[in-house]
There are 2 protein chains.
Amino acid sequence: MRESCDMRGFLSFIVLRLISKKNMSGEELREELKKRKGTKPSPGTIYPVLKSLNEGGFIKEIKDSGKEKKYKLTKSGQKELRIATRKFCEIFYDMKDELGRHCD
Amino acid sequence: MRESCDMRGFLSFIVLRLISKKNMSGEELREELKKRKGTKPSPGTIYPVLKSLNEGGFIKEIKDSGKEKKYKLTKSGQKELRIATRKFCEIFYDMKDELGRHCD
DNA sequence: ATACTAATATCGTATATACGATATTGGAGT
DNA sequence: ACTCCAATATCGTATATACGATATTAGTAT
């Protein structure tokens, strides 16, 4: 996960958040993102992100039935998610009203 | 502003949002982003964004005293912001609780 | 008018996120 | 065992956002 000042880390952030709620595979993530955004991210988008988060030690593969590989957060991933969430809130603190209005 | 499926449009989104609340110059935007994120985006980050939003017709230069150039949203920019806000809320609808908790 | 300075603008470079296309892999079913 | 398919993985390419360095510009002050 990036530490610098740019805005590019959001896909990793979303993936960490989704996995923190429920252990998920690449395909499940693609489905969930389709629900949220209307379009399904291509395999070339999601699998490199999972690879990078895995190599960074933020998520860990768990064996599941079938050929799916599910991932769960590691301790380090939980910590990273807390940090990223705080940053997100600092940047977007004033989106609270809109989120309430649009999404109830 | 981008229409596709990626996550990269957030700096433009934030800039549109800030300008929608108050006409702002590049320096004022840098200051506000510093407040929110802790680091001030470099000139090489913010001015190209303003240029691109201006060329896209989303913001418009207004003459101010001094050498500052302030920008205001155009009608097209207002519309774009509404669309982008809805998308943002669809993606991050479940951040509502965190935003409430962290930022009150 | 000239020098100074803050704001703006541009340049080269780096990287995360994106895509579509293609390759690989591992269970399922025959 | 072999084929098939869905899930995963990789490749080449494109673009927005990032930086630091440098250049330009327009008021300010001397």
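A helix is a DSSP run of H or I with at least four residues, a strand is a run of E with at least two, and both are numbered from the N terminus. For a helix, the expected span is 1.5 Å times one less than its number of residues.

What you see here is a predicted model, where local features need pLDDT of at least 70, side-chain atom pairs count only at pLDDT 80 or more, and totals for chains, interfaces and linings use all residues. Residues are numbered from 1 along each chain as its sequence is written, chains are lettered from A in the order in which they are written, and side-chain values use heavy atoms, leaving out hydrogens and water.

Let's start with chain A. Five helices and two strands make it up, and from the N terminus they come in the order α-α-α-β-β-α-α. Here are some overall values:

| Property of chain A | Value |
|---|---|
| Accessible surface (Shrake-Rupley, 1.4 Å probe) | about 5800 Å² |
| Carbon and sulfur part of that surface | 50% |

Now for helix α4 of chain A, residues 75-92. Its 18 residues reach 26 Å from first C-alpha to last, close to the expected 26 Å. Among the buried residues of α4(A) are A:Leu81, A:Phe88, A:Ile91 and A:Phe92, along with A:Glu80.

And the partner? Chain A superposes on chain B by a rotation of 180 degrees with 0.0 Å of shift along the axis, at RMSD 0.0 Å, using least squares on C-alpha atoms of residues with pLDDT of at least 70 in both. The two copies are thus related as by a two-fold rotation axis. They meet through the same surface, because 100% of the interface residues of chain A are also interface residues in chain B.

Methods:
Buried < 20%, exposed > 50% of the residue type's maximum accessible area, 1.4 Å probe, protein only. Contact = heavy atoms within 4.5 Å.
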